[in-house]
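Here is a protein model to explore together. Take a look at it first, and then we will walk through its main features.

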Amino acid sequence: MTDGINLLTWAQEGFAFAEGYDAEAGRYEGLRAGQIVTLVDSEAPEVLVKTDVAMRQMDAERPVAPEPEPGRAQPNPNVVGDKPTVDPPEITPPREKTPPPAAKPKRFHGTVLLDATRVGRDAGRIAEEVIAHLDGLVHAKVTVTIEIEAKLPDGAPDQVVRTVSENCRTLKFTSQGFEKD
């Protein structure tokens, strides 16, 4: 919420903030905009103010410099007598340097060997305990690849080769095949 108040371009893109509204005076109290506002007391009657309303009040309350008298030279505020004066520059203590935030990991990869007799159970746990956490992150692109490797010392019968090959095509495997060696 404070982003709209903090903007230097708050009048075009944000809003103002007031600590309250005085109905008798017809004005907002503690009206602020274009500056950092820290909301401390959650019980305080804080008010968001439309920019046009805030601008009218701020313009009306802005002090007006007195008009110079015609024909009279105006004194230079930086000169006293015949000696120029300049206010010393405002010295602000140096801020403590905060270390930059540590770089967050941008990628994850993992490989796990599943028991062929319990693939469904184990894959379900992996989906719940790993994939769901990664996929739940905003803008995350999670890819899950299942790799199957079967060593068949006695060879695969023609019926199994046909069934597995057809099922792989139906399930849209990106690559699959049997090898004789």
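**A first look at the chain**

Of the 181 residues in the protein chain, 10% are buried, where buried means under 20% relative accessible area, exposed means over 50%, and partly exposed lies in between (1.4 Å probe, protein chains only). This is a predicted model, in which local features need pLDDT of at least 70 and side-chain atom pairs count only at pLDDT 80 or more, while totals for chains, interfaces and linings use all residues. Residues are numbered from 1 along each chain as its sequence is written, and side-chain values use heavy atoms, with hydrogens and water left out.

**Overall build**

- The protein chain has five helices and six strands; helices (H or I, at least four residues) and strands (E, at least two) are DSSP runs, numbered from the N terminus.
- Starting at the N terminus, the order of elements is α-α-β-β-β-β-α-β-β-α-α.
- Among contacts in the protein chain with a separation of 6 or more, 45% join residues 24 or more positions apart; a contact means heavy atoms within 4.5 Å.
- The accessible surface of the protein chain is about 16900 Å², and 55% of that belongs to carbon and sulfur atoms. Such areas come from the Shrake-Rupley method with a 1.4 Å probe, and for residues only the protein chains shown count as cover.

- Which residues of α3 are buried? They are T51, A54 and Q57.
- These residues cover an arc of only 130° around the axis, so they sit on the same side of α3. The arc is that of the directions from the helix axis to the C-beta atoms.
- An α-helix has 3.6 residues a turn, so residues three or four places apart point the same way.
- R56 and A60, on the other side of α3, are exposed.
- K50 sits in the loop between β4 (47-49) and α3 (51-61).
- With a relative accessible area of 61%, K50 is exposed.
- K50 and F15 are 35 residues apart along the chain, yet their C-alpha atoms are separated by 5.5 Å.

- G30 belongs to the loop between β3 (27-29) and β4, and is partly exposed, with a relative accessible area of 28%.
- Not counting residues up to four places away in sequence, G30 touches F17, A18 and E19.
- S165 is part of helix α5 (residues 158-170) and counts as buried, at 14% relative accessibility.
- Beyond its neighbours within four places in sequence, S165 is in contact with Q176 and F178.

**Pockets**

- Rolling a probe the size of a water molecule over the atoms shows where empty space is left.
- On a 1 Å grid over the protein atoms alone, using a 1.4 Å probe, a pocket is an open set of points with protein on both sides within 12 Å along at least five of seven lines, and lining residues have an atom within 4 Å of a point.
- The largest pocket holds about 1200 Å³ of space; grid points are joined across faces, edges and corners, and a volume is the space filled by probe spheres set on the points.
- Its lining has 29 residues, and G110, T111, V112, V144 and T145 lie nearest the centre of the largest pocket.
- The second largest pocket contains about 940 Å³ of space.
- Among the 26 residues lining the second largest pocket, I148, E149, A150, G177 and F178 are the closest to its centre.
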